[in-house]
Every structure is written in C-alpha cells, then in structure tokens.
Amino acid sequence: MGDGTEYDDALLGLPGFRVVVVTEDGDELLVGIETIRRAAGCPSCGVIARTRDRLRVIIRDLPAFNHRVRLVWSKRRFSCPDPDCPVQTWTERSDELPDRRELSARAGRECTRAVGQAARSVASLARWLGVSWATVMAAVRDYGTPLVDDPGRVEEVNSLGTTMRAHSPSWSRRAALAERALERQATRRKGTMDEHLAATGVLQDHVAMANDDLEEACDRHKGIPAKLFANELDPNAERAKPR
Ligand SMILES: [Zn+2]
C-alpha cells in the first residue's frame, strides 16, 4: 500500500505534504512523506535555491487505522547559488512537524486537549502514541501553557466544562506546578532515573499516575530508538532529538 496517490495525501491531512510510501513495521505504520513544493527562494537574497540533498527526519504522529504512526520526512536541504550570499544552506521547515520535537504539532495538541479536557493521564497518552512520558509532558507544556496564559482564550471556548477547567485556580496552579517541575527535570537530565522520578513526583500527583505506569512508559521508550534505525525505509534516518 502507499503509492503516493491523492487518496494517501488526503488521508495524511498535512497540507503541503504528499505521501511517498507506507510500510508496516511490526504493529506500526511508517509513512514516508515529502513536501509538494518544488522551488524555494533563498531567505536572504531571494534567488531560486538548489536542492542540495535530503535529510530523513522521523516524527511521531497521531495513530491511524488502529496503528501507531511514525512519519519519515524526506526533508530538503537547500543551497543558495550565489557564492557571495551569507546564507549558504538551510532546510525545509513546517509548523506541523516542528524541529527538534518528537511529536507532530497535531499530536502535541491532541495530548494537550486530552490532558486538559478529558483528564487523560500522561502515561496513557505515552502508551497510545508509543513515546516516553517526558515527551508527552513536554508537548502538554509547549501547547498548553499558551492556552492557559492567554486571557482571550475564554472567548474561544464553547464548552462550559473546558472554560471552568482552564480558568479554575486549581488548573492554573497545577499548570504552574508542572512548569516548575519540568524546569527541575531539565536540570537533572543527566541524573539517574530514580532522581528523575523523584524530581517529577509533583507531576505524578497532577496526572494521578502510578509509579508502575511511569516505569513501564520509560521502559517502552528505551527500546524504540534501536527499532527506529532498524527500519527498512532508511537505516541512517535522522531521528528528532528528545527535548
Ligand atoms: Zn542567497
């Protein structure tokens, strides 16, 4: 399956991208994608750029057809043909597949919605997507903090329950606690897992998550990188770095 037809592109639902190939990797789907755009201007001088080469970036997306999904983006790296231009090379970018993130933007937004509105645990979302607990929590922080901080958000909410949650003192307090705990976590990134668990203890309260669940999520994540590089699409694929 997956021969780059318009049907594949419609199912992908990422404007500006098309599906190149779809393969199965165990229980997961690997979806090879690229941008539809064929020409780009140099961001400095505006000259039509050359495609120099491509990078492979793997990013986790929302599950589809009861399978976890990893997108493999064949990302163009451009060069400016003007030798005097201060910008020599640059790569494509997409807000929907942000740099240095493990999750697509829509997966991050869905995690934020599920935690904030549906009271789903971070651990359950990590299992659902096939990523680490820390990856989901980072997405909730990235996409959730602006919503909590935005005083105009109340005008965009059409659900009474959501409004009360977003503006209740307990939600704001929990968001603040989560933010502070994540800062501590970053400073301890080089420590042991035990230290990490202790540092994020307040977050465990926040999501009402058992230690066993967290350890299971971490254990599942440990096996993923090796599996990614063993896939048949590209053994040298560049993988988004965990934040
Ligand atoms: Zn240029």
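Modeller: The largest nonpolar core has 34 residues. By nonpolar core I mean a set of buried Ala, Val, Leu, Ile, Met, Phe, Trp, Tyr and Cys residues joined through C-beta atoms within 7 Å. Buried here takes 20 or more other C-beta atoms within 10 Å of the residue's own, exposed takes 12 or fewer, and partly exposed is in between, with C-beta atoms placed from the backbone. Inside the core, the residues with the most contacts are Val 31, Leu 71, Val 122, Ala 126, Val 136 and Val 140. A contact means C-beta atoms, again placed from the backbone, within 7 Å.

Keep in mind that this is a predicted model, where local features need pLDDT of at least 70, side-chain atom pairs count only at pLDDT 80 or more, and totals for chains, interfaces and linings use all residues. Residue numbers start from 1 along each chain as its sequence is written.

So much for ground rules; back to the core. At least two of its residues come from each of β1, β2, β3 (50–64), β4 (67–79), α2 (105–116), α3 (122–129) and α4 (133–149). Those names are DSSP runs numbered from the N terminus: H or I of at least four residues for helices, E of at least two for strands. The top contributor is α4, with eight residues. The core also draws at least three residues from each of domain 1 (1–94) and domain 2 (98–221), with the bounds coming from an automatic or database domain assignment.

Now the strand side. I call two strands paired if DSSP finds at least two bridges between them. Strand β1 (residues 17–25) and strand β2 (residues 28–35) run antiparallel and are joined by eight bridges, with Arg 18 standing opposite Glu 34 in β2. Two residues lie between these strands in their hairpin, and Gly 26 there has a positive phi near 65°. On to the next pairing: β2 runs parallel to β4, with six bridges joining them, and here Leu 30 stands opposite Arg 70 in β4.

β4 has another partner in β3, antiparallel this time and with twelve bridges. Val 57 faces Trp 73 in β4 across that pairing. The β3–β4 hairpin again has two residues between its strands.

Over to the helices. In α3, Val 122, Ala 123, Leu 125, Ala 126 and Leu 129 are buried. Looking down the axis of α3, these buried residues fall within an arc of 165°, so they line one face of the helix; the arc is taken over the directions from the helix axis to the C-beta atoms. Just after α3 comes Gly 130, with a positive phi of about 85°.

Helix α2 holds Gly 108, which is buried because 25 other C-beta atoms lie within 10 Å. Beyond its neighbours within four places in sequence, Gly 108 contacts Leu 103, Ala 139, Asp 142 and Tyr 143. Gly 108 and Gly 144 are 36 residues apart in sequence, but 9.2 Å apart in space, C-alpha to C-alpha.

Stepping back to the whole chain, it has eleven helices and six strands. Of its 243 residues, 28% count as buried. Among contacts between residues at least 6 apart in sequence, 58% join residues at least 24 apart.

Last, confidence. pLDDT is the predictor's confidence in each residue, from 0 to 100; the chain averages 74, and 58% of the residues score at least 70. Residues 154–169 come in below 50, and that stretch has 13 contacts in the model beyond near neighbours in sequence. Residues 190–194 are also below 50, with two contacts of that kind.
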